[in-house]
Structures are given as C-alpha cells and as structure tokens.
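Subject: Structure handover and findings

Dear colleague,

I am passing on the structure below, together with an account of what was found in it. Please read the account with the coordinates open beside you.

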Amino acid sequence: MRKPADVKARAAKLKRRPASSGRIAPAKGVSRPAGPASALDRLDAWLEAKKIEKAKIGGFDVDGVWRGKYVSLEKLRSCA
C-alpha cells in the first residue's frame, strides 16, 4: 500500500506541465515573426487571391443539426 505522501507527490508531478505545452494567443497588434511562410500566411494569400470576404463557421448541436454563421475574415484571423 502506498503512503499518502507518495500519492501526493505523484499527483503533483502529474499535474505539472512544461511552460510551452499550452497554446498562448499573441497579444493584439503583434505581428507574426519573419521567416518562412506559415500555413496562416499561405491561407491569407489564398483568400485574398480568391477575393473571399467572409467565412462560414459552425458546429453540430445535440440533435445533429448544423448551426453556423458567417464571419468576416478579420474576425476569423483574430482567433487563429
């Protein structure tokens, strides 16, 4: 049988995560670092080339019905 101190130590060890494990959104007004084109940069270029102004986003509700809405590309980029 394990001692309570061993159980607590193991639980504390499992709860720790490395600092880079979570996704942190960049602050507003901060540009992406220069370097090779990222997937987001390529997507932006493709959307501009196709002159797409809005995107439809959504998901399925409990009954399996698609619920969605159109958002501007500016709003879509702000959550990426």
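The accessible surface of the protein comes to about 7,800 Å², and 58% of that area belongs to carbon and sulfur atoms; accessible areas come from the Shrake-Rupley method with a 1.4 Å probe, and for residues only the protein chains shown count as cover. This is a predicted model, in which local features need pLDDT of at least 70 and side-chain atom pairs count only at pLDDT 80 or more, while totals for chains, interfaces and linings use all residues. Residues are numbered from 1 along each chain as its sequence is written, and side-chain values use heavy atoms, with hydrogens and water left out.

Confidence and overall layout

The average pLDDT of the protein (the predictor's confidence in each residue, from 0 to 100) is 77, and 56% of the residues score at least 70. The protein has 3 helices and 2 strands, where helices (H or I, at least four residues) and strands (E, at least two) are DSSP runs numbered from the N terminus. From the N terminus on, these elements run α-α-β-β-α. Among them, helix 1 (residues 4–15) has the lowest mean pLDDT, 66, whereas strand 2 has the highest, 95.

Of the 80 residues of the protein, 6% count as buried; buried means under 20% relative accessible area, exposed means over 50%, and partly exposed lies in between (1.4 Å probe, protein chains only). As for contacts (heavy atoms within 4.5 Å), residues 24 or more positions apart account for 15% of those in the protein with a separation of 6 or more.

Salt bridges

The structure holds 2 salt bridges, a salt bridge being a side-chain nitrogen of Lys or Arg within 4 Å of a carboxyl oxygen of Asp or Glu. In one of them Arg77 is paired with Asp44, and the closest N and O atoms are 2.8 Å apart. This pair links distant parts of the chain, since Arg77 lies in helix 3 (residues 73–78) and Asp44 in helix 2, 33 residues apart. Asp44 counts as buried because its relative accessibility is 15%, while Arg77, at 33%, counts as partly exposed. The other bridge joins Arg67 to Asp61, with 3.0 Å between the closest N and O atoms; here Arg67 is exposed, with a relative accessible area of 52%, and Asp61 is partly exposed, at 26%.

Leu40, Leu43 and Trp46 make a nonpolar surface patch of about 270 Å². Patches are made of residues with over 30% relative accessible area and no salt bridge, like charges being joined within 9 Å and nonpolar side chains (Val, Leu, Ile, Met, Phe, Trp, Tyr) within 5 Å. Trp46 is found in helix 2 (residues 39–49) and, at 45% relative accessibility, counts as partly exposed.

Ile52 sits in the loop between helix 2 and strand 1, and it counts as partly exposed because its relative accessibility is 29%. Leaving aside neighbours within four places in sequence, Ile52 is in contact with Trp46, Leu47 and Leu73; the C-alpha atoms of Ile52 and Leu73 are 8.2 Å apart, although 21 residues separate the two in sequence. Lys51 belongs to the loop between helix 2 and strand 1 (54–60), and has a positive phi of about 55 degrees although it is not a glycine. Lys51 is exposed, with a relative accessible area of 70%.

Tyr70 is placed in strand 2 (residues 66–72) and is exposed, with a relative accessible area of 58%. Not counting residues up to four places away in sequence, Tyr70 touches Lys54, Ala55 and Lys56; from Tyr70 to Lys56 the C-alpha distance is 4.3 Å, for a sequence separation of 14 residues.

A search of the whole structure finds 1 aromatic pair. Phe60 and Trp66 form this pair, which is edge-to-face, with 5.1 Å centre to centre and 70 degrees between the planes. Under the criterion used, rings of Phe, Tyr and Trp (its six-membered ring) pair if their centres lie within 6.5 Å, and planes under 30 degrees apart count as stacked, over 60 as edge-to-face and the rest as tilted. Phe60 counts as exposed, at 62% relative accessibility, whereas Trp66, at 41%, counts as partly exposed.

With best regards
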